[in-house]
Amino acid sequence: MANSTSGESVSERIVRVLEAFDVDRTALTTTEIGRRARLPSSTAHRLVGELIQTGLLERTAGGRVQLGLHLWEIAQRGSRALRLRQIALPYMERVQARLGEHTQLGVLERDEVLFLERLSHPQAVSNVTRVAGRLPLHASSSGLVLLAFGDEELQRRTLEAPLASYTPDTVTDPDALRALLARIRREGFVVAEGFVEPVSRGIAVPIRDARDRVIAALSVVVPRADPSAGPLEEVRAAGAAISRRVREGADPFASR
Ligand code: PHB
């Protein structure tokens, strides 16, 4: 696509406009979009107007701008994320019915865990995970599983970057993190005691494809005060069942 005077392509600018929205800021003014996308005001107004015309953005009743339903429609079509979610959902629902807390499905996306699904209960413990939201690899239980079974390059990049602390229990020391990753590979699961929030425990297991590659993580977030082993058993059984279904059926992450 044609480049602007700054040398940046129109596609890059459109992506920045779309990325200006996040799970906590779903409706923005065009001025806010321009600021968040680092675009001159006239460019932001033009691009936003064009994207509204195509349906990728929509006006809210209050005159702000939000991501369009048509964008969601296109993104869902044949998406590997949707296929994986559909395979996992019945098993996630069973875990959810038995534990009554939170059950999540996450995948690796640009060095973070991106959540495809989250099931919850009104009385469940606090949980910062959002559908289409992200968490850092080193802090969350899902992220730790994806990191432990991820490639060496990913581990090197993560271990070399500053490891942010969310609670006093987040593992921020690279040597301790390396040891934790080795343990996750040995045991096939992680129990993250208060790494993201002091009140909760994240428990995650890998989901594997037919070639035994880890393609996702299944996790539960439960109250830290609950000492029972039930949640770990549930999530392990569900993870194994989902991996089996992935192996039997069409590989949700295979490109055709
Ligand atoms: C976790 O996966 O470890 C986790 C995620 C979100 C929370 C707490 C724990 O709020």
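Into which domains is the chain divided? In this predicted model, domain 1 covers residues 10–74 and domain 2 covers residues 80–250. The centres of domain 1 and domain 2, taken over C-alpha atoms, are separated by 31 Å.

An open sheet is formed by six strands, arranged in the order E5-E4-E3-E8-E7-E6. Strands of a sheet pair through backbone hydrogen bonds, either parallel or antiparallel. In the present sheet the pairing is antiparallel. From one strand to the next, the twist averages 30°.

Leu 114 has Arg 134 in E5 as its bridge partner.

A helix pair was also examined. Helix H6 comprises residues 141–148, and helix H7 comprises residues 152–160. Their axes come within 9 Å and cross at roughly 130°. Angles over 145 degrees count as roughly antiparallel and those of 65 to 115 as roughly perpendicular, so H6 is oblique to H7. On the H6 side, the contact involves Leu 146, Leu 147 and Ala 148. These residues meet Leu 154, Gln 155 and Thr 158 in H7. The residues of this contact between H6 and H7 divide into four nonpolar and two polar, with no charged residues.

Note on methods: Residues are numbered from 1 along each chain as its sequence is written. This is a predicted model: local features need pLDDT of at least 70, side-chain atom pairs count only at pLDDT 80 or more; totals for chains, interfaces and linings use all residues. Side-chain values use heavy atoms; hydrogens and water are left out. Two strands pair if DSSP finds at least two bridges between them. Helices (H or I, at least four residues) and strands (E, at least two) are DSSP runs, numbered from the N terminus. Axes are lines fitted to C-alpha atoms, for helices over the stretch in contact, and angles run from 0 to 180 degrees between N-to-C directions. Domain bounds come from an automatic or database domain assignment. Angles under 35 degrees count as roughly parallel, over 145 as roughly antiparallel, 65 to 115 as roughly perpendicular and the rest as oblique. Contact means heavy atoms within 4.5 Å. Ala, Val, Leu, Ile, Met, Phe, Trp, Tyr, Cys and Pro count as nonpolar, Asp, Glu, Lys and Arg as charged, and the others, Gly among them, as polar.
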